[in-house]
Amino acid sequence: MISDERRPTARRTTARRSSLRSTAAVVVAAGALLLAGCTAPAKEQSPVGSASGPAASQAPDGFEQYYGQTLEWKDCEDGLECATASAPLSWQDADAGSIELALVRNPADGKDPEGSLLVNPGGPGASGVDFVRNDAQAGGSTFGKKLQDAFDIVGFDPRGVQGSSGVTCFDDARKGESLAKDFDRSTDAGLEAMKAEYEAWNAACAENSGEVLGHVDTQSAARDMDMLRAVLGDDALNYLGFSYGTQLGATYAGLFPDRAGRLVLDGAIDTTLSSEEISHGQAVGFENALRAYVQDCQAGADCPLTGSVDDGMRQIRQVLDHAYERPYPTSTSDRTVTQSLAFYGIAVTLYNQGSWPALTQGLDEAINQGTGDVLLYLSDQYFDRNADGSYSSNSEEAMRAVSCLDDRATTDVDQMRADAAAIEKDAPTMGSFFGYGGLTCAGAKYPEVEQEFDVHAKGAPPIVVVGTTNDPATPYVWAEGLAKTLDSGTLLTYEGEGHTAYSPSRPCVADAVESYLVDGDVPKAGATC
């Protein structure tokens, strides 16, 4: 599965290099399609979480010390406050020890704040601390003023991620080598080599991460959120989650429907889907997004793709095949652009329509010059790789660890081949990179976690699900599915390109989301922007 976290605009290589994968600086691209005319929200009201403060009495037996802890907030630049919370290693065993969770909050600007708004940018593996910190550094371009006035906006690094007790696997050099590797999936030998590489990765994770590796599943993170809700002093959880953050939010609602406040889930994952269905859906999503890019590119000047849209798609596939047979050289280092790196360099630009010019530049260089500097740069942004070969996050390690605990795909080779063929039929350009997901968890030390939450979240107040019609990473049909699965789900549709929809730069979506979170105004059924 490709990471589904929220991503900012890809910059041209002449611009200052800043991470694309890091969601801490996330903004929706200035060039993204803006559509006005959202249907007016209904006046149904949903309760907001009070800041009066529940106590340790809400804790599961044996975990009172965690629910009753007092956070020590300290100033940490840009008007923010930082703290570290203690959480149990295992929510099934109070005596198993504890881990740390990194937190940051941007205090409410208004005179009468309504409590806390917990936010998550996606992943799994993205840093909520960086998300809030980078928004503050950018002057508040991610969260609208109405939210900033009403709430303390709180970001946290889920267990396994970044500043919290994290997952560690390969060293930087070996990680870079692993991410660049290509495999011949059409042969048994190629699949064995692929399996061996994942086994080596997972063995390194087990050796270097300790026991936290077995407890970074989404359900444990959702239980952490309930503890944080109590520690922050809120009777109900108010929450804004993007991408994987929608899965985390839906899981919370399924575990604690009576403690859910106002939840908005943007770029939704349908929690009823299997790993195989997720992979197939993402492949089609990226294929559709790529087609939209090709059509746009060919309608303008200086597009390196000729002929029809189908011709342009085939030319991109030729770039990918060329990278497998003869990796593209680069002028900036001795590194080459393998097929894997070329794929991620293309995929990262599809998260945001404002990134499309960078893809045009990368394809033009590959097709007309036979070099891959731009694609290498873009793939490095996807993986948070710095110029010196180090990595600024552990998002890839955390994503794989969480995914292996949550839900594993089949490891039957014949079934994987059949699934891969079906994916490639529906996504002939991008689909080959989404098959054989069952190998990702080869040699994983810890088993899949048994599902304990109610996917319908029966008894929860209204939950707003936001879907973008041509979202590559979380296809629109998933938002439709999640809204139907949740007993109290209501769908808000954004007609456009890119991954996730909420942004102050999209007033229709922003007004609907903020009116719900702050005022409790639930969007009318069928609301569209």
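Over which residues does pLDDT stay under 50? In this model, that stretch is residues 7-55, for which there are 161 contacts beyond four places in sequence. Contact here means heavy atoms within 4.5 Å, and pLDDT is the predictor's confidence in each residue, from 0 to 100. Where pLDDT is low, the predicted coordinates should not be read in detail. For the chain, mean pLDDT is 90, with 89% of residues at 70 or more.

Some conventions. This is a predicted model, in which local features need pLDDT of at least 70 and side-chain atom pairs count only at pLDDT 80 or more, while totals for chains, interfaces and linings use all residues. Residues are numbered from 1 along each chain as its sequence is written, and side-chain values use heavy atoms, with hydrogens and water left out.

Next, a helix pair. Helix α9 (residues 309-325) packs with helix α10 (residues 339-347) at about 150 degrees, the axes being 7 Å apart. Helices are DSSP runs of H or I, at least four residues, numbered from the N terminus. Axes are lines fitted to C-alpha atoms over the stretch in contact, and angles run from 0 to 180 degrees between N-to-C directions. On the α9 side the contact includes Ile-316, Leu-320 and Tyr-324, and on the α10 side Phe-343 and Ile-346.

Last, Ser-209, in helix α5 (residues 188-209). Ser-209 counts as buried because its relative accessibility is 12%, the cut-off being under 20% relative accessible area with a 1.4 Å probe, protein chains only. Its side chain reaches the backbone oxygen of Thr-168 at 2.8 Å and that of Cys-205 at 2.9 Å. Leaving out residues up to four places away in sequence, Ser-209 touches Gly-166, Val-167 and Thr-168.

Conventions: Helix = DSSP H or I, 4+ residues; strand = E, 2+ residues; numbered from the N terminus. Buried < 20%, exposed > 50% of the residue type's maximum accessible area, 1.4 Å probe, protein only. Polar contact = N/O pair within 3.5 Å; in protein donor to acceptor, adjacent residues only side chain to side chain.
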